[in-house]
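Work through the exercises below with the sequence and the 3D structure open. Try each task before reading its solution.

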Amino acid sequence: MAIIHHIILVALLVISVAAVSMPSKLKPTQTVPAVSAAAKAFTDAHNKARAMVGVSPLAWSLTLEAAASRLARYQRNQKKCEFASLNPGKYGANQLWAKGLAVPPSLAVETWVKEKPFYDYKADSCAANHTCGVYKQVVWRNSKELGCAQATCANESTVLTICFYNPPGNIIGQKPY
């Protein structure tokens, strides 16, 4: 008797699963690959700065991440973590070189955003002895995608952070927002 009840329960389970399953003619929705914690931290830090000036958020790009990763690894393996030559490039870019400390993604972006007080929006210029281009790229209104990577040179205790933006910003004669 118990076996018959078990068979009936299994048959009912199969029928109920079949009843709620999607018809085979429907295509499953495409899933977006999950981004890493670092990608989320880079994106969140950028979008926080962008929200402060009313600019739409950036989306993470696996293509830009791969390009930044290739360049960061090249700089680590071939150039001893020196700054990369980024101009002119296909993408907008920021980089940060830090020696002797860990650089979480939020700290890299915060370092670039610290140039904001030195940026004069009305004149579209930067105070003497400061460079505001890194800040302007973070908040550039026409940039829609972001991808970043980091490389560590252990023997130098340095971290190189590179972010790419598409489309690029810092166009002469245009304000960032």
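This is a predicted model: local features need pLDDT of at least 70, side-chain atom pairs count only at pLDDT 80 or more; totals for chains, interfaces and linings use all residues.

Residues are numbered from 1 along each chain as its sequence is written, and side-chain values use heavy atoms, without hydrogens and water.

**Exercise 1. Describe how α2 packs on α4.**

Step 1. Find the elements: α2 spans residues 37-52 and α4 spans residues 105-113. Helices (H or I, at least four residues) and strands (E, at least two) are DSSP runs, numbered from the N terminus.

Step 2. Take the axes. They come within 8 Å and cross at roughly 25 degrees. Axes are lines fitted to C-alpha atoms, for helices over the stretch in contact, and angles run from 0 to 180 degrees between N-to-C directions.

Step 3. Classify the angle. α2 and α4 are therefore roughly parallel (angles under 35 degrees count as such).

Step 4. List the partners. Ala-38, Ala-41, Phe-42, Ala-45, His-46 and Ala-49 of α2 meet Pro-105, Ser-106, Ala-108, Val-109, Trp-112 and Val-113 of α4. Contact means heavy atoms within 4.5 Å.

Step 5. Sort by class. This contact has 10 nonpolar, 2 polar and no charged residues. Ala, Val, Leu, Ile, Met, Phe, Trp, Tyr, Cys and Pro count as nonpolar, Asp, Glu, Lys and Arg as charged, and the others, Gly among them, as polar.

**Exercise 2. Which elements supply the lining of the largest pocket?**

Step 1. Of the 20 lining residues, Leu-86, Asn-87, Ala-93, Asn-94 and Asn-170 are closest to it. On a 1 Å grid over the protein atoms alone, a pocket is an open set of points where a 1.4 Å probe fits, with protein on both sides within 12 Å along at least five of seven lines; lining residues have an atom within 4 Å of a point.

Step 2. Assign elements. β2 (92-99) and α5 (133-138) each supply at least two residues. The largest share, 6 residues, comes from β2.

Step 3. Sort by class. The lining has 10 nonpolar, 10 polar and no charged residues.

**Exercise 3. Locate the cis peptide bond and the positive phi of Lys-80.**

Step 1. Recall the background. Most residues other than glycine have a negative phi, and most peptide bonds are trans.

Step 2. Check omega. The bond from Asn-166 to Pro-167 is cis, with omega near -10 degrees. Pro-167 sits in the segment after β6 (158-166).

Step 3. Check phi. Lys-80 has a value near 55 degrees. Lys-80 belongs to the loop between α3 (62-79) and β2.

**Exercise 4. What do Ala-93 and Lys-99 touch?**

Step 1. Skip neighbours within four places in sequence. Ala-93 then contacts Leu-86, Gln-137, Cys-163, Phe-164 and Tyr-165. Lys-99 touches Glu-156, Ser-157 and Thr-158.

Methods. Angles under 35 degrees count as roughly parallel, over 145 as roughly antiparallel, 65 to 115 as roughly perpendicular and the rest as oblique.
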